[in-house]
Amino acid sequence: MQALDPGQMSARLDLERRDDASDGQGGIVPGFAAVTSLWARIEPVSFKDEERADEEVFTVTHRIWIRFREDLVAGMRFHKGERLFALRAWYDPDETRRYLVCQCTEEGR
C-alpha cells in the first residue's frame with residue numbers, strides 16, 4: 001500500500017447522495033443533497049477525449065482518498081466548485097479502517 005500523509009488531504013469536497021424529486025406527473029427530477037464536507041486527496045489517473053453529438057467531451061478518472069466512513073453507497077458523488085466526481089467504487093487499502101480510496105470519474109466539455 002502507498003503510504004499517505006494526512007497533510008496531503010488538501011482538497012475540500014462535498015459528499016452528495018441522490019435525492020430525486022417527483023415531477024408531479026409520475027416521473028422524477030434527478031437531484032443531489034449534501035451529506036457532509038470533508039478533506040480529501042485527489043489523484044488524476046487517466047484521461048480520455050471523445051466526441052459526442054458533435055461536441056468534444058473529456059473524462060478523467062481519479063483516485064480520491066478520504067478518511068474511512070461506512071455510509072458510502074452507489075450513486076454518490078463528490079462536488080468541488082463546478083467539478084463533479086461520480087463515485088464508482090471504493091476500498092480500504094490496508095484494511096485498517098483509516099482511509100478509503102474512491103475510484104471516481106469526472107466529465108467535462
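Okay, let's start with Asp 94: this residue is partly exposed, with a relative accessible area of 25%. One quick caution is that we're looking at a predicted model. Asp 94 pairs up with Arg 98 in a salt bridge, at 2.6 Å from N to O. Arg 98 is partly exposed as well, at 40% relative accessibility.

Salt bridges that share partners also tie Arg 41, Glu 43 and Arg 63 into one network. Take the Arg 41 and Glu 43 pair, where the closest N and O atoms sit 3.5 Å apart. So are these two buried or exposed? Glu 43 counts as buried, at 10% relative accessibility, and Arg 41 is buried too, at 17%. Then there's Glu 50 with Lys 48, whose closest N and O atoms are 4.0 Å apart. Here Glu 50 is partly exposed at 26%, and Lys 48 is partly exposed at 49%. In total, the structure has 9 salt bridges.

Now, on to the nonpolar side of things. The largest nonpolar core has 14 residues, and the ones touching the most other members are Ile 64, Ile 66, Leu 72, Phe 78 and Cys 102. Which strands each supply at least two residues of this core? That would be S1 (11-18), S4 (32-52), S5 (55-67), S7 (83-91) and S8 (99-108). S8 gives the most, with 3 residues.

How values were computed
Residues numbered from 1 in each chain as written. Predicted model: local features only at pLDDT ≥ 70, side-chain atom pairs only at ≥ 80, totals over all residues. Heavy atoms only, no water. Core = buried A, V, L, I, M, F, W, Y, C linked by side-chain atoms within 4.5 Å. Buried < 20%, exposed > 50% of the residue type's maximum accessible area, 1.4 Å probe, protein only. Helix = DSSP H or I, 4+ residues; strand = E, 2+ residues; numbered from the N terminus. Salt bridge = Lys/Arg side-chain N within 4 Å of Asp/Glu carboxyl O.
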